[in-house]
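Good morning, everyone, and thank you for coming.

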Amino acid sequence: WAGTPFSLSANMAVSQNSRNQTISITLPTVVFNVSRLYPFKRKERQGKERWYEKISMQYTGKLTNSVSTTEDKVFSKETLENMRNGIEHSLPVSAPFSLFNYININPSANYTEKWFFKRTLYDWNPVTNQTDTTRQHGFYRLYNYNFSVSAGTTVYGMYDFTKKNRNRKIQAIRHTLSPSIGFSYAPDFTNQKYGYYRTRQIDSTGRFTTYSPYAGNAYSVPSGGRTMSLNFSLSQNLEMKVLSKRDTSGIRKIKLIDELSVSGSYNFLADSMGLSTLRVSLRTTIFKNFGLNLSATLDPYRLTPQGQHINKIRLPGRVV
């Protein structure tokens, strides 16, 4: 809809294999979007922008219905029973602001809700020594959410070679650093209070396993495991100015390092080895039309001769 934040897309698809007479149908997939809104922004602003005016939110709603079957069963009751469908709502909210005019803070929250219309329950039958399967139809609402906050800034350093001699070939070198740090949290949705997962007996020996009654639907079930982690990264580049007769200004910029970055995270809830691997990447331009990308993953923990990790940090020349 032109002039509004609303948009809608829909499609239907059929894929047919004449060799084995299988057919996959998507009927339909609908996506409704509301682009970024600033609900607290004043229509006629006077003075500086206030912090709450930067609060923004978006919305995405999805609906899908699909099934895979054979040609002779397209209109059968079995095909209707096996349809994978559902509705998903996604609502991200963010509120960026600046601290001391140099540090950018971005707190955010993401809320997702899923609507399913069937679930499958499994119960062990001690009489038949088999698992009984029960399919129930109804309205089932599942939700999940997470929170995060990040802080970042940019620091510039420059060395000017023209202070003593303005005709030097290298005029200046500039080094740019962009550090960032963030914190994120998500609860454990495998907890029994949410009801998204259940335990069931799988054989006569009394073994149990965990499953989700909603796993057969169109959208994934909220994942388990409470997470509380600290994320960090450092990105930098290096460039210089040189005298050049080819440029009209007489000065040409050369990028020595387009980007050199390192990033990782630390999980506070991990029993041990909470520090993640460190990801390092380098991107630079060697010639005008020739670039070079390098990447590496560094494991901070010590390995046993058998290749197993142990909870000891390995630093250059020592083990902590």
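Predicted model: local features only at pLDDT ≥ 70, side-chain atom pairs only at ≥ 80, totals over all residues.

Residues are numbered from 1 along each chain as its sequence is written, and side-chain values use heavy atoms, with hydrogens and water left out.

The secondary structure comes to 1 helix and 18 strands, taken as DSSP runs, with H or I over at least four residues for helices and E over at least two for strands, numbered from the N terminus. The radius of gyration, taken over C-alpha atoms, is 28 Å, well over the 20 Å from the globule rule (2.2 Å times the number of residues to the power 0.38), so the protein is more spread out than a compact globule. Along the principal axes, the C-alpha atoms fill a box of roughly 95 × 65 × 50 Å.

Now let us turn to one residue. S212 sits in the loop between strand 11 (208–211) and strand 12 (227–243), and S212 is buried, with a relative accessible area of 11%. Which residues does S212 touch, not counting those up to four places away in sequence? They are Y196, Y197 and V221, where contact means heavy atoms within 4.5 Å. The side chain of S212 reaches the backbone oxygen of Y196 at 2.9 Å, and the C-alpha atoms of S212 and Y197, 15 residues apart along the chain, are separated by 4.4 Å.

Key: Buried < 20%, exposed > 50% of the residue type's maximum accessible area, 1.4 Å probe, protein only. Polar contact = N/O pair within 3.5 Å; in protein donor to acceptor, adjacent residues only side chain to side chain.
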